[in-house]
Amino acid sequence: SSKPRNLEIQRADHVTVLEDRIDFSLAKTMSKTEEKIEKGSLPDGPADDIIPSTGNEIGAEAQIRFLKAKLRVAQEELDSVVCECRRKDEENQNLRSRLKDTEEEITRLQRTVSMQRSQTEKYKVLSQEANKKSEGLQQEVVALEKVLQ
């Protein structure tokens, strides 16, 4: 087929798309489908993908019941998927919040580490100076002990 297969671009008039309808409900969809059946305005195509092969042998009312049941099942699956999407969205929001908190904690800890490193360097320098002074004083003590003896 040379037609594009992108589902976002292709839309059929007889298909209800959830994004297009905020007030989507099973009852409205069923009543509209029943109206179209009564008016005979449903597309005249093979229904092999909807009604099983024995569908040609059953009556119109049975086909309608079958399609209504199939629609109910599809609505339940849709409700389940919508619920799952909402749950996943909440989970994602929680994870984003935790990530933000973690990044802030990392930034805070990096600042603390930086301050501690600078203090460590400062104390190393002070320690080296104290060691030199101590060595100088020890040499003086040794020299003074020699003088006293």
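**Figure 1. Contacts across the whole chain of this predicted model.** Among contacts between residues at least 6 apart in sequence, 37% join residues at least 24 apart. A contact means heavy atoms within 4.5 Å. The secondary structure comes to two helices and zero strands. Both kinds of element are DSSP runs numbered from the N terminus: helices are H or I with at least four residues, strands are E with at least two. Residues are numbered from 1 along each chain as its sequence is written, and side-chain values use heavy atoms, leaving out hydrogens and water. In this predicted model, local features need pLDDT of at least 70 and side-chain atom pairs count only at pLDDT 80 or more, while totals for chains, interfaces and linings use all residues.

Figure 2. The accessible surface of the protein is about 13500 Å². Carbon and sulfur atoms hold 53% of that surface. Areas come from the Shrake-Rupley method with a 1.4 Å probe; for residues, only the protein chains shown count as cover. Of the 149 residues, 4% are buried. Buried means under 20% relative accessible area, exposed means over 50%, and partly exposed lies in between (1.4 Å probe, protein chains only).

Figure 3. The average pLDDT is 79, and 69% of the residues score at least 70. pLDDT is the predictor's confidence in each residue, from 0 to 100. Where it is low, the predicted coordinates should not be read in detail.

Figure 4. A salt bridge is a side-chain nitrogen of Lys or Arg within 4 Å of a carboxyl oxygen of Asp or Glu. The count by this rule is five. E84 pairs with R87, with the closest N and O atoms 2.6 Å apart. These two residues sit three apart in helix 2 (residues 60–148), so about one helical turn separates them. E84 also pairs with K88, at 3.9 Å from N to O. E84, R87, K88 and E91 are linked in a network of salt bridges. R87 is partly exposed at 42% relative accessibility. E84 is partly exposed at 34%, and K88 is partly exposed at 39%.

**Figure 5. The salt bridge between E105 and R108.** The two side chains meet at 2.6 Å, N to O. E105 and R108 are three residues apart in helix 2, so they are separated by about one helical turn. E105 has a relative accessible area of 35% and is partly exposed. R108 is partly exposed as well, at 39%.

**Figure 6. Cysteines C83 and C85.** The structure holds zero disulfides. The sulfur of C83 lies 9.4 Å from the closest cysteine sulfur, which is in C85, and this is too far for a bond. C85 is likewise in no disulfide. The cut-off for a disulfide is a pair of cysteine sulfur atoms within 2.5 Å. A disulfide is a covalent bond between the sulfur atoms of two cysteines. C85 is partly exposed, with a relative accessible area of 42%.
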